[in-house]
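Good morning, and thank you for coming.

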Amino acid sequence: MSKDMQRVILFSGHMIDSPDRDTPRFPASMEDAASARIAAILEGWRVGKDDICICGGARGGDILFAEHGLDRGAQVRLFLPLEKEAFLDASVRLPPACDSGWEDRFADVLGRSTAVWPDPDSATDASDNPFARNNTRMIAAAKTCADGGPIHLLLLWNGQGGDGDGGTADVAHRVECIAAKVAIIDPAKLH
């Protein structure tokens, strides 16, 4: 049996909800089910050591995807929209009372992945959204790594618009039409 060609898997997904989120989107109670579903999709796609997994590093979907990619031996590339402390505050940390462990999990994934930090000169002005810019960088990297070959897209997404520019909806709308395989996990439908 011949070796499959290298796969490039681009991921985008919701963060685990903060306790003060008005409308739940990805509650912490759905983490285990989401994790199992991500693992099953990567298994079905036969992701392994020659494959490249591209994602952000936020708590929830990004970290779950990165953990499973690393567990399967894939090369994981974390694209981070902000410098470390600002990113931890914006996208990883929860209030101490939550005792979430996301910061430790981020540090573990970061230590086992290739991190792509923002270029400090890349922002054009104060209105430039670093999360939207990061999506552009991830999509460009996926296309470059695929080198004309297929891109697989995995989304942990409720199908709704995001809380602002640069969310999962942005990636979905920009990549869904060019991806060879698309899998969407809706946190509201996990049990």
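Two strands are said to pair if DSSP finds at least two bridges between them. Helices (H or I, at least four residues) and strands (E, at least two) are DSSP runs, numbered from the N terminus. The model is predicted, so local features need pLDDT of at least 70 and side-chain atom pairs count only at pLDDT 80 or more, while totals for chains, interfaces and linings use all residues. Residues are numbered from 1 along each chain as its sequence is written, and side-chain values use heavy atoms, with hydrogens and water left out.

Let me start with the sheet. In which order do the strands of the open sheet stand? There are six, in the order β4-β3-β2-β1-β5-β6, and their pairing is parallel. Strands β4 and β6 are at the edges with a single partner strand each, so one side of each has no neighbour in the sheet. On average, neighbouring strands are turned by 20° against each other, direction ignored; axes here are lines fitted to C-alpha atoms, for helices over the stretch in contact, and angles run from 0 to 180 degrees between N-to-C directions.

Now to the individual pairings. Strands β1 and β5 run parallel and are joined by six bridges. Leu10 has Leu153 as its bridge partner in β5, and Ile54 as its bridge partner in β2. Between β1 and β2 (residues 52–55) there are three bridges, again in the parallel sense. Five bridges connect β5 with β6 (residues 181–185), where Ile185 is the bridge partner of Leu156. From β5 the chain passes through α6 to β6, and this β-α-β crossover is right-handed: with the strands pointing away from the viewer, the path from the first strand over the helix to the second runs clockwise.

Is β5 enclosed or open to the outside? Six of the six residues of β5 (residues 151–156) are buried, so the strand is largely enclosed by the rest of the structure. Buried means under 20% relative accessible area, exposed over 50%, and partly exposed in between, with a 1.4 Å probe and protein chains only. In a regular strand the side chains alternate between the two faces of the sheet. Here Ile151, Leu153 and Leu155 on one side, and His152, Leu154 and Leu156 on the other, are all buried.

At Thr168, in helix α6 (residues 168–175), the relative accessible area is 6%, so this residue is buried. Its contacts (heavy atoms within 4.5 Å), leaving aside neighbours within four places in sequence, include Leu155, Leu156 and Trp157. By comparison, Ala115 in strand β4 (residues 114–116) is partly exposed at 28%.

Finally, how many aromatic pairs does a search of the whole structure find? The search finds two. Rings of Phe, Tyr and Trp (its six-membered ring) pair if their centres lie within 6.5 Å; planes under 30 degrees apart count as stacked, over 60 as edge-to-face and the rest as tilted. Phe11 and Phe65 have ring centres 4.8 Å apart and planes at 10°, so they are stacked. For Phe87 and Phe106 the values are 5.7 Å and 45°, so that pair is tilted.
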